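Here are a few exercises to work through with the model open in your viewer. Try each task yourself before you read its solution.

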Amino acid sequence: MADKPIRADKATAVVELTENFRNAGATVLTEYRGLTVSQLTQLRRSLGKETTYTVAKNTLAKRAATDAGISGLDELFTGPTALTFVSGDVVEAAKGLRDFAKANPKLVIKGGVFEGKAISAAEVTKLADLESREVLLAKLAGAMKGNLSKAAALFQAPLSKTARLAAALQDKREKEGAEAA
């Protein structure tokens, strides 16, 4: 199969798909059998601007994945296959696919590629179950702020303890001075 020459239009499609594989942070393969054009359009819109949902022939997609240096996807290229190239937040795209698949059971998530490694459909679902990047960053910032507050209180404690000690000594000397007088 790899030895056969391909036509110019197919070669262009392979080059485009190869670039998409290389530039995407993640790629999710889905089976779209039974979905209408309007449902696919709705899916494309729900995935956002940083995600591309493309229907491709399996042989061309296989060749593009191989050219991009991705292995482990050959068994996923069966039946009508669509590729979701994610340039932005992978978690948000995975959530979009998962939610659309729940509403439209004809969409089947087959698996994909994340950070250059093949992942299963279950792993795509695990990605979808993660919280968004913004939420995780907010939690991290909150945890760091809490630790910084604790550190500030810890560093401030000796100073305040010294101030309280000095005030107690002054009160004691005043009492002793009043008793002596």
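**Exercise 1. With which side chain does the side chain of Thr 81 make a polar contact?**

Before you start, note that this is a predicted model, where local features need pLDDT of at least 70 and side-chain atom pairs count only at pLDDT 80 or more, while totals for chains, interfaces and linings use all residues. Residues are numbered from 1 along each chain as its sequence is written, and side-chain values use heavy atoms, with hydrogens and water left out.

Step 1. Look for the partner: the side chain of Asn 58, at 2.9 Å. A polar contact is a pair of N or O atoms within 3.5 Å; within protein, one must be able to donate a hydrogen and the other to accept it, and residues adjacent in sequence count only if both atoms are side-chain atoms.

Step 2. Check the burial. Thr 81 has 2% relative accessibility, so it counts as buried (buried is under 20% relative accessible area, exposed over 50%, partly exposed in between, with a 1.4 Å probe and protein chains only).

Step 3. List the neighbours. Leaving aside residues up to four places away in sequence, Thr 81 touches residues including Leu 29, Tyr 32, Val 55 and Leu 76 (contact means heavy atoms within 4.5 Å).

**Exercise 2. Work out which residues of helix 2 are buried, and what covers them.**

Step 1. Down the axis of helix 2, the buried residues fall within an arc of 55°, so they line one face; the arc is that of the directions from the helix axis to the C-beta atoms.

Step 2. Recall the helix geometry. An α-helix has 3.6 residues a turn, so residues three or four places apart point the same way.

Step 3. Turn to the other side of helix 2, where Ser 38 and Arg 45 are exposed.

Step 4. Now the cover: it includes strand 2 (51–55), strand 3 (81–86) and helix 4 (90–103).

Step 5. Just past the end of helix 2, spot Gly 48 with a positive phi of about 95°.

**Exercise 3. How many salt bridges does a search of the whole structure find?**

Step 1. The search gives four, a salt bridge being a side-chain nitrogen of Lys or Arg within 4 Å of a carboxyl oxygen of Asp or Glu.

Step 2. One of them joins Asp 9 and Arg 7 at 3.2 Å, N to O. Asp 9 is partly exposed at 46%, and Arg 7 is exposed at 53%.

Step 3. Another pairs Glu 19 with Arg 22, the closest N and O atoms being 3.6 Å apart. Both sit in helix 1 (residues 8–23), three residues apart, about one turn of the helix. Glu 19 is partly exposed at 37%, as is Arg 22 at 48%.

Step 4. Arg 33 bridges to Glu 31, with the closest N and O atoms 2.9 Å apart. Glu 31 is buried, at 18%.

Technical notes:
Helices (H or I, at least four residues) and strands (E, at least two) are DSSP runs, numbered from the N terminus.
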